[in-house]
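This report describes selected features of one protein model. The sequence and structure come first, and the notes follow.

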Amino acid sequence: MRRLATLVVAALAICLASRSALADKRVAFVVGNSNYQNVVALANPANDAAAITDMFKKAAFDVVETRRDLKNSEMRRALREFTEKARDADLAVIYYAGHGLEVDGTNYLVPVDAVLERDTDAYDEAISLDRILQAIEPAKQLRLVILDACRDNPFAKSMKRTVASRALGRGLAGVEPSRPNTLIAFAAKGGSTAADGDSQHSPFTTALLRHLAKPGLELGKAFRLVRDDVMTATGNRQEPFVYGSLGGNDVSLVPGPAVASPPAVVDPNAGARRDYELAERVGTKEAWDSFVAAHPSGFYTDLAKAQRNKLAAETARVAAAEKARLAAEEQARLAAEGAKAAQQAKAAEQAKAAEREKQAAEKQKRIEDEKVLAAEKANAAAQAKASEKANEKAREKAEEDASKAAEKKKADDAKLAAEQAKEQAKEAKEQAKEQVKAAEDAKKAEQAKKPVEQTVAALTPPDARSGQPAAPLDIPRLLQTELKRVGCKTGEIDSEWNASSRKALSLFNDKAGTKLDVKLASIDALDTVKSKTGRVCPLECERGTRASGDQCVKITCDDGYVLGSNGTCQKRPPKVTQQRERRAPASGRRGGKCFVYNGASFCE
């Protein structure tokens, strides 16, 4: 019965511990902005937000709010509402996928209806990162912001600077949170850009889905695994980064499974021990007799008998001591009264006998004390051995449970990895099909094309390959490249801002209606020329050629037509046969002459 009660108490303790571990309130707010109204739309944020929302729901978050394609007012209202839900939360998370930009060291998230013509428009048209942090500030234990928003700023090409010294950075700027236990995770390190990805999700979100919701995985290690996956997927071009710090305790976004504490050691002699302690407090022979009667056998029974013998020896010792004392007193009395020698000798003998009995009783008491001490030592050793055995058994059980849990986790991880590999293989197969189809379409188009014009001159477009940014200080070369792209510069491109370059920029001012300073190559001039998507300066072709798109092609005329002086095909004029005179051969007749008419010779 006592064993059953102990097991029930242990089970209740485990349940209460598990309930306490899961009692923390966790809330999440997910935003995915894809369909931008004033710049090119993004393909993945909507898919990323849906997958992250599903991840939080499967992780049993108490609140999961998700929004898509939020306008400015809608985004501010949603943040205000989420702040109320995070007020009593222990853990609060905000995930954002979409466009973000940095203006003069401050990071902003861009709603889908943002109109950013000037750098100062960001204050009103976008949402600052500080406002995002304010929304999760009430959380008690952990505040986490995840930004898959480090894509290249699409507004930078057309955005005007109201102050020349105000910087417009690439990606987002690094930031350190002011409050403890606050983390800000960027898809790419401050000052660099992140890829949107060619598959269903961005590389950053793909790694988050793989690691962030693993039960019991420490948050710092989860983001380190995310970093490794993203760098592998992007060929080390994109490095995620986490700003902020946590305390010494391990923090996981999803709690691990509750580990049952080892079962309490059940002592089979607990009842006998309690009765033994009660008899020991009474300390009489009757108490020990009652204990032996209630517990006829066992370790504590032997100990009780030893205690009873000890008590009997002590009683005998006291009786002997009293008898010796009385004999000594009798001897002294007789001597004092002058008794006869025989009586004194008898009294002396009785005193000696009493003393021997006293010494024998004391010796017996010492023997019984040693027996009790030996029994107590044996009891302590037996209890220690039983406790060690029980602890060893509990440890083996805990190790077995931990091994089973590790094997299950390994199997789950392997299953998840297999599913992800299968999904990646499927995506790669679909991409391969699309590439094959695109190659076949291109081949068919090339075969169907019938060249009728010969290319004489062509404007070579600038190299605009993504992932290889130009040197930030070589402004002349970049500006010359853009001027050549819009058709205002000819000749070689170099790093010198010479007369040819100034002439090209002046021609751009004339054709585009701008008033840029042609004396030097400036960032403002570079941004202005970059903002033109097509040709600005008309194409000038040599005589005998004509403009066709961005190329000069040779003019060919049909049969019966020739190229005129004005550069157009004209009808060929009729052939005029000329007469030419030829002197007559020498003969006896003088004064004659010959001529040719329609191929025949005539002489006069």
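Three strands form an open sheet in the order β4-β5-β6, with antiparallel pairing. Strands pair if DSSP finds at least two bridges between them; strands (E, at least two residues) and helices (H or I, at least four) are DSSP runs numbered from the N terminus. β4 (100-103) and β6 (127-128) are the edge strands, each with a single partner, so one side of each has no neighbour in the sheet. Two bridges join β5 (residues 106-109) to β6 in the antiparallel sense, and Leu109 has Ile127 of β6 as its bridge partner.

The model is predicted: local features need pLDDT of at least 70 and side-chain atom pairs 80 or more, while totals for chains, interfaces and linings use all residues. Residues are numbered from 1 along each chain as its sequence is written, and side-chain values use heavy atoms, without hydrogens and water.

The axes of α2 and α6 (lines fitted to C-alpha atoms over the stretch in contact, with angles from 0 to 180 degrees between N-to-C directions) come within 10 Å and cross at roughly 10°. The two helices are therefore roughly parallel, a term for angles under 35 degrees. The table lists their contact residues (heavy atoms within 4.5 Å).

| Helix | Residues | Contact residues |
|---|---|---|
| α2 | 45-58 | Asp48, Ala51, Ile52, Met55 |
| α6 | 203-211 | Thr205, Leu208, Leu209 |

Tyr276 and Tyr300 are both buried, meaning under 20% relative accessible area with a 1.4 Å probe, protein chains only.

Notes:
Angles under 35 degrees count as roughly parallel, over 145 as roughly antiparallel, 65 to 115 as roughly perpendicular and the rest as oblique. Buried means under 20% relative accessible area, exposed over 50%, partly exposed in between (1.4 Å probe, protein chains only).
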